[in-house]
Amino acid sequence: MVRTHAESPRARCADERPTYFRRNPAQWEALEHCVLPWLVAERSPTVARPLRIWSAGCATGEEAFDLALTAHRVVGSADLAAVAILATDRCPDAITKARRGRYSHAACRGTTLEYRRQLFLRSQPPVSRAPACFTAGPDDREHEVDRRLASLVRFEVLDLEDQAMLERVRGLDLLLCRNVFDEVPRLERAVLWRRLRRCVRRGGYLVLGESERRCVDDSVATLQWRDAVVYRAL
Ligand SMILES: C[S@@+](CC[C@H](N)C(=O)[O-])C[C@H]1O[C@@H](n2cnc3c(N)ncnc32)[C@H](O)[C@@H]1O
């Protein structure tokens, strides 16, 4: 069973989750030009199962929607059913916001106009506090994720310390876990790494943040693509 915030005394939510779209651009380049094309090419035409992707510790959802758009760019519109993204966080408030799929302009810093056009519906002015003669300035707009892309992502509240839950996740093609281990007690990181690693099938990929990378062991191969490091499960 998925453990909720209320049920888990340790599932505290950070007041601020400093995340944003396309965080660590080199990793997104590697995902778009290497990892996802390889996964798609490897897929057996006789096995009709979608690519299984998990964003573990997704906070307010930016990373998960980046995955949706990146996968869309790789597989194209016709084959979107070939991708299934699970995105989880222990914080229910973060997941509620992720499900809403509406973001401030600040969350999109570092994205190009073309990227925003692909990811979002028309920019929405926020609830107006200004006289009606003004329109929202460029930094005061809200962007709403395109519904077709949003439909690729399933958001759930999940505490990574819930061992029973993690045991049920197997056969992943791709796992993203970035900037989450900073919030995990140091002594528990190695155990959590091993549990997460077991979720990924042999030949699947892992994309990690700095704190997660310190736990990596010889059950994965390290691959460098330009400025990005990714891992392949052995
Ligand atoms: C800094 S955010 C990282 C968001 C995104 N992955 C990124 O790299 O931008 C860290 C997130 O990890 C989540 N987190 C920390 N410990 C967790 C745990 N044990 N189970 C699930 N989520 C956890 C926090 O709630 C927070 O939303």
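## Helix H1

A residue counts as buried if 20 or more other C-beta atoms, placed from the backbone, lie within 10 Å of its own. By that rule, the buried residues of H1 are Gln 27, Trp 28, Ala 30, Leu 31, Val 35, Leu 36 and Leu 39. Helices here are DSSP runs of H or I with at least four residues, strands are runs of E with at least two, and both are numbered from the N terminus.

This is a predicted model, in which local features need pLDDT of at least 70, side-chain atom pairs count only at pLDDT 80 or more, and totals for chains, interfaces and linings use all residues. Residues are numbered from 1 along each chain as its sequence is written.

The buried side of the story continues with partners: those H1 residues pack against H2 and strands S1 (51–56), S6 (172–177), S7 (200–208), S8 (220–225) and S9 (228–233).

Take Ile 85: beyond its neighbours within four places in sequence, its contacts (C-beta atoms within 7 Å) are Ile 53, Ser 55, Ala 64, Leu 67, Ala 68, Leu 152 and Val 153.

## The whole chain

Eight helices and nine strands make up the secondary structure. Of the chain's 234 residues, 35% count as buried.

Note on methods:
Contact = placed C-beta atoms within 7 Å. Buried ≥ 20, exposed ≤ 12 C-beta atoms within 10 Å, placed from the backbone.
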